Amino acid sequence: MYETQGDVGTGGAVLRTSRYRVSGMDCGSCAAKIETALRRVPGVREVRVSVPAGTVAVSHEGGLDADAVVRPLAALGYGATPADPVAVGPAAVCGGGCCGSGAVHSHTHSHSHSHGDADEAPWWRGRKARLTVAAGAALAAATVLGLLVPATEPWAFPLALLVGLVPVARRALAAARAGTLFSIEMLMTVAAIGALLIGAVEEAATVLVLFLIGELLEGVAAGRARAGIRGLTALVPDTALLEQDGGAPQAVPAAGLAVGSVILVRPGDRVAADGIVLSGRSAVDESPVTGESVPKPKGEGDAVFAGTINADGALRVRVTAAARDNTIARIVRLVEEAQASKAPTERMIDRFARFYTPGIVGVAALVALVPPLAFGGGWTEWIYRALAVLLIGCPCALVISTPAAIAAGLSNGARRGLLLKGGAVLEALGRITTVAFDKTGTLTEGRPRVTDLTPFGAGEAELLADAAALEAGSSHPLARAILAAAAERGIAPPAAEELTALPGAGLNGRVGGRLVALLSPQAAASALSAAQAEQTAAFAATGKTVSVLLVDGVAAGLIAMRDEPRPDARSGIAALDRAGIRSLMVTGDNARTAGAVAGALGMTAHAELLPEDKLRIVRGLQAGGQRVAKVGDGINDAPALAAADVGIAMGGGTDVALETADAAILHGRVGDVAAMVALSRRTMANIRQNIALALGLKAVFLLTTVLGVTGLWPAILADTGATVLVTANALRLLSVRA
């Protein structure tokens, strides 16, 4: 069993949280029954059930026996297995030692229950399918037998009814004992027994088969939604090639790789663990993890992610994260935790459902009693209608309408590199009116690039070669920019000698017998003509850093560098503008640079800010009625990220930013902020459609049933059909790209 130590509870007891993967949770009714049952267990303080993730987290006192949690689930017919946070790759099923003597193994053998299928088994091989087939076959046999031998009808159809009713009734009684009286199983049992007593046996058997078919379809739909994000775990290979003691690499289970191990990733292989490239160069396809379609070049010092695909060169990689902590495991864990947290709309629907079902039972009682007692109506007729009202009353479709859509939205985002920490975040994003962006590393790439080469006499290649010769071996960001520009143009820097650093000014040395210096404009001011100084000032006015190259004391050219906007920054800001969302920049950088970048992107800049200044701006916008999203990637963004209505960490940000933020963009595209907003708005529209569909169908069939137009089988179709329809509608979100 996977446990984490938690807070100190009442009475000083230390609370622990245990997570289980529960097979067969297909709807909100399942979650309500499980939560009610587990809250009755002595020692349990809190229960969090996630239908989309198929998990339940139980906060309990440390001495609680695991069987005390599993037994109520087994009594309800659900199977429970430990939900280990590794859960990545077949070799990690037991979580590297979590399946010891204290682990909880499968209890799915204990009871027959249509919800009890193991998530991993094909739906047609599970108990749910077997029970549905058995009940359907019994009904078909009774129908054929009744046609061939009419005298058998009085006992053939009751026997056919019992095939499906007995398991359903057992579940209804178990749920009632666990505290859930008004379960769909109880409503179905009462309706079937009532129909049997008033002589509508054939219809009752047919309705029961339709009910089981509806549950089967619910299970298939829920399994598909659940598999959407958990399918990421299959990306990690089972084995890795581990280097040991200088010998040939040996294949070992990927789940057992320790931090610091060195593995070989051959061309065409999937990377088995998060790590840093020690040697080798290749292009790596990161689309399985981040959704980025263009392979990224990787070389010494670059990070690689588990599950990505090495394209064309061998890489030696030092492992930086164990299997339970790699990128994919963190994504899966984050999304499952996010799915377990309820959005405001979902909480509202849950509160409504608590009163809705007892209300429907009350309406059914009135339908059965008032017409016969007050108006002389026939008892059989009005009891029949009341039974149909009971079946219509199940709130499954209504309860699942919101979490199904939110789960699909979260899964869709995760597969595109958009991680959102819960339904509340997904809901809030659609209401954002202002987005405050950090500049460096968020709107820009976070590293300077050579933007302009202005030679005075010699060509650009010679200018860049001389500068690169002086900067060779330096790790300074500006030096890296010059060396990268030379490499892009295929320029091999000549050797430099007698290199000397000039504090606060630059550096000089000899290149090909010439005295070459790379200086700041201030240090080189005496060597610049008026026109050259004017050109230098023009570059500086646009936020660029300028280096002046001198050869034998004469100005040979200017090299301008700037941290340039990300390639999609302008289009990303434009997408937000089209969505009616205002964008602004809040940065600690100097006003000139910030203004130049903001001007190019068409947004307002607030520059030279301390962390508390960014926080003040966010608070001020909120005080003015704005709903603010803050996007950043650094420690200095953390206060504003936490204060904003939605904090979004840009890919590559610090751990502090990622932990503080409500959402994260893995592959660092500015356009993904607008994509998050669009996903939120689509999800909320889907939720509104689902609620209207669920309540609309029930309202129509409730009215037609009371009027006598429809009976038992249309009622059960209204219930299970609505559940399947809202789930299928929610699943459409899995394939949305824009």
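Of the 738 residues in the protein chain, 53% count as buried. Keep in mind that this is a predicted model. Show the whole chain as a cartoon. Its secondary structure comes to 23 helices and 27 strands. Contacts tell another part of the story. Among those with a separation of 6 or more, 68% join residues 24 or more positions apart.

**Stop 1: a nonpolar patch**

Select Val144, Leu145, Leu148, Val149, Trp155, Leu159, Leu162 and Val166. Together they make a nonpolar surface patch of about 730 Å². Which elements give two or more residues to the patch? They are α3 (127–148) and α4 (153–177). Helix α4 has the largest share, with 4 residues.

Pick out Leu159, which lies in α4.

**Stop 2: a buried loop residue**

Go to Ala273. You will find it in the loop between β8 (262–265) and β9 (275–279). Is Ala273 buried or exposed? It is buried, with a relative accessible area of 5%.

Next, show what surrounds Ala273. Leaving out residues up to four places away in sequence, Ala273 touches Leu257, Ile263, Val304, Phe305, Ala306, Val319 and Ala321. Draw a line from Ala273 to Phe305, C-alpha to C-alpha. The two are 32 residues apart in sequence, but 6.3 Å apart in space.

**Stop 3**

Select residues 530–541. This is helix α16, with 12 residues. From its first C-alpha to its last it reaches 16 Å, close to the 16 Å expected at 1.5 Å a residue.

Color the buried residues of α16: Gln532, Thr536, Phe539 and Ala540. Turn the view to look down the helix axis. The buried residues fall within an arc of 100°, so they line one face of α16.

What do the buried residues of α16 pack against? Show β17 (449–455), β21 (545–551), β22 (554–562) and α18 (591–601), and you have the answer. Gly543 takes a positive phi of about 80°.

**Stop 4: positive phi without glycine**

Start with Glu498, in strand β18 (residues 496–502). Its phi is near 55°, a positive value in a residue other than glycine. Glu498 counts as exposed, at 56% relative accessibility.

Then jump to Glu608. Glu608 is in the loop between β24 (604–606) and α19 (611–623). It is not a glycine, yet it has a positive phi of about 55°. Glu608 is exposed, with a relative accessible area of 54%.

**Stop 5**

Finish at Thr705, in helix α22 (residues 671–706). How much relative accessible area does Thr705 have? The value is 0%, so Thr705 is buried.

Show the side chains around Thr705. With residues up to four places away in sequence not counted, Thr705 touches Arg385, Ala388, Val389, Ile392 and Thr710.

Key. Residues are numbered from 1 along each chain as its sequence is written. This is a predicted model: local features need pLDDT of at least 70, side-chain atom pairs count only at pLDDT 80 or more; totals for chains, interfaces and linings use all residues. Side-chain values use heavy atoms; hydrogens and water are left out. Patches are made of residues with over 30% relative accessible area and no salt bridge: like charges are joined within 9 Å, nonpolar side chains (Val, Leu, Ile, Met, Phe, Trp, Tyr) within 5 Å. Accessible areas come from the Shrake-Rupley method with a 1.4 Å probe; for residues, only the protein chains shown count as cover. A salt bridge is a side-chain nitrogen of Lys or Arg within 4 Å of a carboxyl oxygen of Asp or Glu. The expected span of a helix is 1.5 Å times one less than its number of residues. Buried means under 20% relative accessible area, exposed over 50%, partly exposed in between (1.4 Å probe, protein chains only). The arc is that of the directions from the helix axis to the C-beta atoms. Contact means heavy atoms within 4.5 Å.
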